[in-house]
Amino acid sequence: MWILLLLGAAPRVATAWQATWMGGNAAVLNSMMWILGAVLPWTATAWQANWMGGNAAVLGGSTLLDLSLPGTHDALTYDLSTTVSEAGIDDHPALAAVLHAASAAGVVPEAVGAFVRGQAQTQALNMSAQLDAGVRFVDFRVMYTSGDWYGLHLLQTRQPAATYLSELRAWVDAHPTEVVAIWLSRHGSTSAVGDDQFPGVDVAAKRALWASVLRIFDGVLVDVGGRAPLNATTLAELVASNARVVVFASDHEELTGNSTFAVDARARLENPLPFSPVYAKDLARDAAVFASTRAAAEAAKRRDAFLLYSMANAPPDAAIEGAFRGAFEAGAGVADCAAAYHVPNATAWCPRTLLDVGQLANFYGQTAVEAAYADGRGFPHAFYVDAYDARGGLRTGTRVLSRDGDDAPICDVFAWTRCASAHPGCDGAYSPGAATAHWGAHDSDGASRAACALPRRDRFQCCRDADGDRARDAYPFVATVVAYNVRTACAGDAGNPACAGLLAAAEARRGADPRRVWEDPATARLARWPPQ
């Protein structure tokens with residue numbers, strides 16, 4: 001009924017209205033098509049891949065500093081090698097240089113390299129898949145290493161940085177209604193310059209990187225030096241001029257030569273890191289952050305500055321040590337690792353990789369985001385977050401995202417059988433897993449199992465069935481951010497006939513994969529903790 005009312009809302013001369021009814025109602029018709037697409041089965045290439053264009057009827061008049069963008073933290077870590085990057089270890093460039101040489105020469109054992117990569121990877125989706133999932137802010141970290149510029153997070157990427165930038169450009173060309181922001185830095189510092197930002201890298205090498213950026217993004221870069229200030233240029237104007245890539249550059253002067261095609265991150269990218277860490281989670285503190293965010297974002301806009309919030313997390317040192325012992329000492333160290341997270345009754349859960357940590361952080365972080373959205377509080381100009389899935393969700397379940405797919409057996413909580421010549425079966429709510437052990441093992445809770453005495457006897461793994469129930473759960477982060485943007489834009493344009501339909505479409509996407517919490521101390525997921 002509301003569609004019929006909207007179509008006839010504006011009085012017009014009959015012949016003019018009839019002759020131009022499609023064009024005259026383009027905004028509403030586009031909205032109708034977008035709503036139909038939004039309620040169809042969830043795909044990674046439709047709604048979230050084109051959310052700016054699909055909601056242009058209400059977002060077109062907004063600037064980037066009126067919107068909030070979903071973003072990825074350490075976006076290139078889906079493709080890390082096992083070679084330590086030059087300057088890959090903060091504040092220890094000499095140590096990084098030694099480890100770089102050793103790992104590049106193959107001196108570091110493959111198993112150790114794989115473990116380190118697990119402690120550095122924050123994303124499983126490749127660059128195009130991240131953008132298809134709805135990401136519009138890309139934390140693109142780079143360092144000059146191995147004779148070229150590579151992405152990094154402790155380890156350098158498999159391919160030079162230009163490969164990933166070219167993939168991003170191809171995606172932008174294929175999605176002509178979308179605008180993407182990229183932040184170039186070494187390790188997420190807005191203020192560091194010179195050697196503090198890129199240790200040991202001369203200005204000529206930095207300018208060579210910038211020349212590559214200019215070449216790859218020729219024709220689509222936003223000129224922020226007065227021609228297209230972020231706080232005054234609308235999304236519709238950016239799209240119409242094909243200026244659809246915004247670059248924030250740390251070490252702006254030496255890297256870009258003060259180019260107007262990059263925003264000086266030191267002056268105009270605000271990254272306060274406001275949220276509590278996962279090992280000391282404080283939802284009351286996080287809620288207080290959101291309570292002041294709208295005012296902070298509006299103040300930043302007046303300064304033509306961009307407000308960025310990190311929801312990324314890193315484990316405490318004790319947890320990394322426990323995970324290492326778990327990997328190389330057959331499960332030892334689990335209790336110490338679990339204790340480092342301070343989750344009540346979660347005494348046997350040791351996140352084995354950084355993605356494990358990110359997914360645990362998302363489980364608790366979703367509560368603050370959902371409460372802020374429900375209460376009508378403000379969002380920053382962008383978030384950057386770990387562990388996106390292809391639906392634009394933040395993985396909260398226990399199945400670790402993998403660039404190799406999502407089909408491996410789930411065995412996060414497991415125990416070993418008695419020694420036997422064949423699998424003797426599992427007790428209770430456990431099913432047979434694929435692993436065997438002869439020389440002793442540890443259950444997932446750290447309990448020790450002795451070696452089998454007879455040569456043809458082994459222990460067999462039993463995996464907890466309940467691990468499959470919530471393994472792939474995710475919070476609808478992109479849909480929530482888009483819904484926030486539509487709701488905010490419509491609050492200032494209440495007469496826009498597209499508002500009701502587009503907000504309903506965004507809410508339908510949120511409802512297709514809603515926030516879920518559950519009680520499972522065995523994986524450190526608690527439904528009623530911490531108190532808010």
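Axes are lines fitted to C-alpha atoms, for helices over the stretch in contact, and angles run from 0 to 180 degrees between N-to-C directions. The model described here is predicted, so that local features need pLDDT of at least 70 and side-chain atom pairs count only at pLDDT 80 or more, while totals for chains, interfaces and linings use all residues. Residues are numbered from 1 along each chain as its sequence is written, and side-chain values use heavy atoms, without hydrogens and water.

Helices (H or I, at least four residues) and strands (E, at least two) are DSSP runs, numbered from the N terminus. Helix α15 (residues 283–291) packs against helix α19 (residues 354–374) at an angle of about 35°, and their axes lie 9 Å apart. In this contact (heavy atoms within 4.5 Å), Leu 283, Asp 286 and Phe 290 of α15 meet Tyr 364, Thr 367, Ala 368, Val 369 and Ala 372 of α19.

Strand β7 (residues 245–249) is largely enclosed by the rest of the structure, because five of its five residues are buried, meaning under 20% relative accessible area with a 1.4 Å probe and protein chains only. In a regular strand the side chains alternate between the two faces of the sheet. On one side of β7 lie Val 245, Val 247 and Ala 249, and on the other Val 246 and Phe 248.

Two strands pair if DSSP finds at least two bridges between them. β7 pairs in the parallel sense with strand β6 (residues 180–185) over five bridges, and with strand β8 (residues 263–264), also parallel, over two bridges. Phe 248 is the bridge partner of Trp 183 and stands opposite Val 263 in β8.

Technical notes. Buried means under 20% relative accessible area, exposed over 50%, partly exposed in between (1.4 Å probe, protein chains only).
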